[in-house]
Amino acid sequence: MTDETFQWMAQEIPFRQGESIAAALEAQDIQTFGPDASGQDTRFFCGIGACQCCLVRVGGCVTEACLTPARSGLCVERLAGNDV
Ligand code: FES
């Protein structure tokens with residue numbers, strides 16, 4: 001583990017170089033990422049960008065947490081149910 005972190009809902013999340021946001025969140029036992037448009041919790045599922053189950057908001061843009069590399073200083077947020 002490095003001393004680099006990104007922010008998730010006001011919590012500092014450490015990550016390893018090259019790790020995705022989803023993997024870093026899961027390593028901290030964060031299993032759900034907020035509600036999707038149907039009200040179901042988003043989560044880390046396929047890990048390859050196919051299922052769209054891991055959508056989060058990064059710097060104001062909705063993106064797949066499994067495809068987005070963690071970077072120091074990022075602000076990652078849960079979706080509101082009507083974001084997608
Ligand atoms: S986990 Fe399936 S798109 Fe990210």
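1. Two strands pair if DSSP finds at least two bridges between them. By this rule S3 and strand S5 (residues 75-77) are paired, in the antiparallel sense, over 2 bridges. Strands (E, at least two residues) and helices (H or I, at least four) are DSSP runs, numbered from the N terminus.

2. The model is predicted: local features need pLDDT of at least 70, side-chain atom pairs count only at pLDDT 80 or more, and totals for chains, interfaces and linings use all residues. Residues are numbered from 1 along each chain as its sequence is written, and side-chain values use heavy atoms, with hydrogens and water left out.

3. The sheet is open and has 5 strands in the order S2-S1-S5-S3-S4, with mixed pairing. Strand S2 (11-14) and S4 are at the edges and have a single partner strand each, so one side of each lacks a neighbour in the sheet. On average, neighbouring strands of this sheet are turned by 40 degrees against each other, direction ignored; the axes here are lines fitted to C-alpha atoms, and angles between N-to-C directions run from 0 to 180 degrees.

4. S3 also runs antiparallel to strand S4 (residues 61-64), joined to S4 by 4 bridges. Which residues of S4 are the bridge partners of leucine 55 and valine 56? Leucine 55 has glutamate 64 as its partner, and valine 56 has threonine 63. The two strands make a hairpin with 2 residues between them, and glycine 59 in the turn has a positive phi of about 55 degrees.

5. Is S3 (residues 55-58) covered or uncovered on its faces? Both faces are covered: Leu55 and Arg57 on one side, and Val56 and Val58 on the other, are all buried. Buried means under 20% relative accessible area, exposed over 50%, and partly exposed in between (1.4 Å probe, protein chains only). In a regular strand the side chains alternate between the two faces of the sheet.

6. The largest nonpolar core has 18 residues, of which Phe6, Trp8, Ile21, Leu25, Phe33 and Val76 touch the most other members. Strand S1 (5-8), helix H1 (21-27) and S3 each supply at least two residues of this core, and H1 gives the most, with 4 residues. Such a core is a set of buried Ala, Val, Leu, Ile, Met, Phe, Trp, Tyr and Cys residues joined through side-chain atoms within 4.5 Å.

7. Not counting residues up to four places away in sequence, tryptophan 8 touches several residues, among them Ile13, Leu25, Phe33, Val56 and Val76. Contact means heavy atoms within 4.5 Å.

8. Glutamate 19, in the loop between S2 and H1, deserves a check. Glutamate 19 is buried yet has no salt bridge, and the nearest side chain of opposite charge, arginine 16, is 5.4 Å away. A salt bridge is a side-chain nitrogen of Lys or Arg within 4 Å of a carboxyl oxygen of Asp or Glu; Lys and Arg count as positive, Asp and Glu as negative, while His and the chain ends are not counted. Apart from neighbours within four places in sequence, glutamate 19 is in contact with Ala24, Pro69 and Ala70.

9. Alanine 10 is not a glycine, yet has a positive phi of about 70 degrees. Alanine 10 lies in the loop between S1 and S2 and is exposed, with a relative accessible area of 72%.
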